Amino acid sequence: MANPHPIPSWKFSSGAVAMKGNIYLVGFMGAGKSTVGRLLAERLGMGFLDTDELIAERAGLSIPEIFSRLGEGRFREWEREVVGEVCCRRGLVVALGGGAPMDDRNWRLLRGTGVTVYLRETPETLAARLAGDGSRPLLAGYAGEERARRIGELLGSREHRYLEAHIVIECRGRPPEEIVGEIVERLRDVDC
Ligand code: S3P
């Protein structure tokens with residue numbers, strides 16, 4: 001079946017971003033970047049990459065193992081490497097780890113090589129989704145109310161950066177398909 005949204009038909013004022021650049025999904029852990037990213041890539045006929053998956057492959061370790069055995073510093077080095085690499089490629093939808101945009105060099109690269117999309121979700125929804133999650137090292141050791149507080153604090157310290165994205169999507173717990181639809185609509189208006 002023909003792709004209903006062929007990339008060259010997007011109405012960017014420059015006419016160039018969608019064809020030459022990537023789409024980067026940013027936001028907090030649990031916001032749905034990987035799920036939405038896969039669907040979006042499928043819908044637009046683009047490739048999909050998840051930076052955490054690339055890092056885990058490279059390390060031969062899971063993300064929690066990298067943090068516990070080698071430390072967050074090593075994880076961030078790998079993350080910078082992987083961001084540098086994906087930014088050299090084109091035609092991709094990329095789901096970024098929640099901390100990747102906090103690095104200034106990463107952020108410059110991301111903003112300069114594609115359209116950044118912030119999947120904004122409320123701290124309450126994020127806390128509910130991440131309540132029993134054992135795969136996020138930054139939340140390990142926090143349970144119940146403490147975990148919810150930790151999520152609120154981390155989000156508070158990061159949101160100024162996420163809000164610099166070209167497109168901010170208010171997710172409000174909506175299903176991924178609906179969010180994908182909104183992203184596709186909003187991409188038509190991007191002027192960057
Ligand atoms: C992190 C988010 C995780 C992963 C790592 C650190 C963060 O990715 O990169 O655990 O700093 O917010 P997700 O946002 O995909 O959970």
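**Reading the sheet, helices and ligand shell**

Mentor: Strand β1 (residues 22-26) and strand β3 (residues 92-95) pair in the parallel sense over 3 bridges, where two strands count as paired if DSSP finds at least two bridges between them, and where strands (E, at least two residues) and helices (H or I, at least four) are DSSP runs numbered from the N terminus. Within this pairing, Y24 stands opposite V94 in β3. Please keep in mind that this is a predicted model, in which local features need pLDDT of at least 70 and side-chain atom pairs count only at pLDDT 80 or more, while totals for chains, interfaces and linings use all residues. Residues are numbered from 1 along each chain as its sequence is written.

Trainee: In what order do the strands of the open sheet lie?

Mentor: Strands of a sheet pair through backbone hydrogen bonds, either parallel or antiparallel. Here the open sheet has 5 strands in the order β2-β3-β1-β4-β5, with parallel pairing. Because β2 (47-50) and β5 stand at the edges with a single partner strand each, one side of each is left without a neighbour in the sheet. From one strand to the next the twist averages 20°, taken between lines fitted to C-alpha atoms, with angles running from 0 to 180 degrees between N-to-C directions.

Trainee: How many bridges join β4 to β1, and how many join β4 to β5?

Mentor: β1 and β4 run parallel and are joined by 5 bridges, with Y118 in β4 as the bridge partner of V26. Between β4 and β5, also parallel, there are 4 bridges, and R120 stands opposite E170 in β5. Strand β4 (residues 114-120) has 6 of its 7 residues buried, so it is largely enclosed by the rest of the structure. A residue is called buried if 20 or more other C-beta atoms lie within 10 Å of its own, exposed if 12 or fewer, and partly exposed in between, with C-beta atoms placed from the backbone.

Trainee: Which residues of α5 are buried?

Mentor: Helix α5 (residues 72-86) has 15 residues and reaches 21 Å from its first C-alpha to its last, close to the 21 Å expected at 1.5 Å a residue, the expected span being 1.5 Å times one less than the number of residues. Its buried residues are F75, E79, V82, V83 and V86. They cover an arc of only 100° around the axis, which puts them on the same side of α5; the arc is that of the directions from the helix axis to the C-beta atoms. G73 and G84, on the other side of α5, are exposed.

Trainee: Which residues surround the ligand?

Mentor: The surrounding residues are M29, K33, D52, I63, G97, G98, G99, R136, P137 and L138, a residue being near a molecule if its C-beta atom, placed from the backbone, lies within 6 Å of it. By class, this shell has 4 nonpolar, 3 polar and 3 charged residues, where Ala, Val, Leu, Ile, Met, Phe, Trp, Tyr, Cys and Pro count as nonpolar, Asp, Glu, Lys and Arg as charged, and the others, Gly among them, as polar.
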